[in-house]
Amino acid sequence: MLSRRGFLLTSALAAGAGAVPTGFAAEKSKDWGTVRRQFELDPNYIHLGLFFLASHPRPVREAIARYRQQLESNPLQTVERLVFGGPEEYVPTKVCNAIASYIGGSADDIALTQNTTTGLAVIYQGLPLKPGEEILTTTHDHFVHHEAIRLAAERSGATWRKVPLFDAYDSISADGMVERLRKAIRPETRVLGVTWVHSSSGLKLPLRSIADALAVVNRERTPERRVFFVVDGVHGLGVESPDIVAMGMDAFSAGTHKWIFGPRGTGFVWARPEVWSVMRPLMPSTSSAELFFAWAGGKPPDMPARATWFSPGGFQAFEHYWAVPTAFEFHRAIGPERITGRIHELNAQMREGLAKMPHVTLYTPRSKELSSGMVCFDVKGMTAQQTVQRLAERNRILASTTPYAVPYARVAFGIQNTPDEVEKTLAAIRSMA
Ligand SMILES: Cc1ncc(COP(=O)(O)O)c(C=O)c1O
């Protein structure tokens, strides 16, 4: 399948994805009702878990359908053309360009993955860790993040340690969290791994301040001893400002199938080129011409490593991958700033309503700086599971429980939701008193 002609052409890749027509004009996006109608959501429910796994908006469904049709009618030539063809048609570059034009930074520093989990494994297994070194993380991260660390530590002989960022939910401060992390760093610490927005509580971390604190630590270290800053960013991407690379992390993993509403089974890792260059790939990649030609020539590839070496290879659910740029274009048409504003407005309305209820414990901080698109709480006398079940059965409101050792009830208001849905949800919870 790997045609030499195709690879020669792709090795001369041109940048510039060009805009992906979505059929969703910017004017239409001014009306949130029109935005909502792009999703085929069951109107009999209030959907408060749309971050969990994306429902595809119409432009994304149509892009997937177009690519699927091409694959159904002629899989061989479609893949030859779009994956191994010339630079104008080579879709992986267009996907990386679309991601880079949203998060900032260069498309050359992006590896394509299937989800956040795969990306975290690519990062932690790829970093140059050895016995005597340590990965530092927090007690608040998702299972897959801790598993990626545990497995990488086991294989490399490094150790890992978790620290809490706060003692109680009502005493969280940005400075306090940064200070705790700074103090927790030891001479043997080589990686700091955190989560941008905690799906355990809805807390948002001050990534820029953490990166600044780490820069001070790294100033005293040689390049071989510096601490890498790794971020699981999946619940900030598509909610918060897209100026992600500017926040100063070394490596960032996220799925594009949650808040970005991209095709299910898609995601990416962005890392600084200096970080990719010291990493080792976990999986064979079929996205890199130089790897193929090194193999064909019977020699190892020329170092240093670069991002394309890290995209897990082999054939993929191509119609989903190729439709990723359409999801970013959908966000662009609506406007990332408007999306951030709307999501914060709805979730603040929810938090303020819950904070007034004596029978509710609110875990998510009330300030905009420390919160994002989800709200976690408990109703006194009920388990999280009971609360969520009652909302679904009596009110057709679809909330979720947090998948952590201590689960909470969780609601998340996205751009498909309305202030009226917030009020209905508050009324349903009020009636549980
Ligand atoms: C904080 C966090 N990280 C990672 C994941 C896993 O995401 P993915 O399914 O994209 O691997 C989740 C799942 O919702 C999550 O909440």
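Q: Which strands form the open sheet, and in what order?
A: This is a predicted model, where local features need pLDDT of at least 70, side-chain atom pairs count only at pLDDT 80 or more, and totals for chains, interfaces and linings use all residues. Residues are numbered from 1 along each chain as its sequence is written, and side-chain values use heavy atoms, with hydrogens and water left out. As for the sheet, 4 strands make it up in the order β9-β10-β13-β12, with antiparallel pairing. Strands here are DSSP runs (E, at least two residues) and helices are too (H or I, at least four), numbered from the N terminus; two strands pair if DSSP finds at least two bridges between them.

Q: Which strands stand at the edges?
A: β9 (360–362) and β12 (400–401) do, and each has a single partner strand, so one side of each has no neighbour in the sheet.

Q: OK, how many bridges join β10 to β13?
A: 4 bridges link β10 (residues 374–379) and β13 (residues 409–412), and the two run antiparallel. Met374 has Ala412 in β13 as its bridge partner.

Q: Which helix packs on that sheet?
A: That's α14 (residues 336–355), which touches β9, β10 and β13. Contact means heavy atoms within 4.5 Å. The direction of α14 makes about 20 degrees with that of β10.

Q: New topic: is β7 buried or exposed?
A: 5 of the 5 residues of β7 (residues 251–255) are buried, so the strand is largely enclosed by the rest of the structure. Buried means under 20% relative accessible area, exposed over 50%, and partly exposed in between (1.4 Å probe, protein chains only).

Q: Which way do its residues point?
A: Ala251, Ser253 and Gly255 point one way from β7, while Phe252 and Ala254 point the other way. In a regular strand the side chains alternate between the two faces of the sheet.

Q: Which strands does β7 pair with?
A: β6 (residues 228–232) runs parallel to β7, with 3 bridges. β8 (residues 267–271) pairs with β7 in the antiparallel sense over 5 bridges.

Q: Last one: at what angle do α5 and α13 cross?
A: Roughly 25 degrees, and the axes of α5 (residues 91–103) and α13 (residues 324–334) come within 8 Å. That makes α5 roughly parallel to α13. Axes are lines fitted to C-alpha atoms, for helices over the stretch in contact, with angles from 0 to 180 degrees between N-to-C directions; under 35 degrees counts as roughly parallel, over 145 as roughly antiparallel, 65 to 115 as roughly perpendicular and the rest as oblique.
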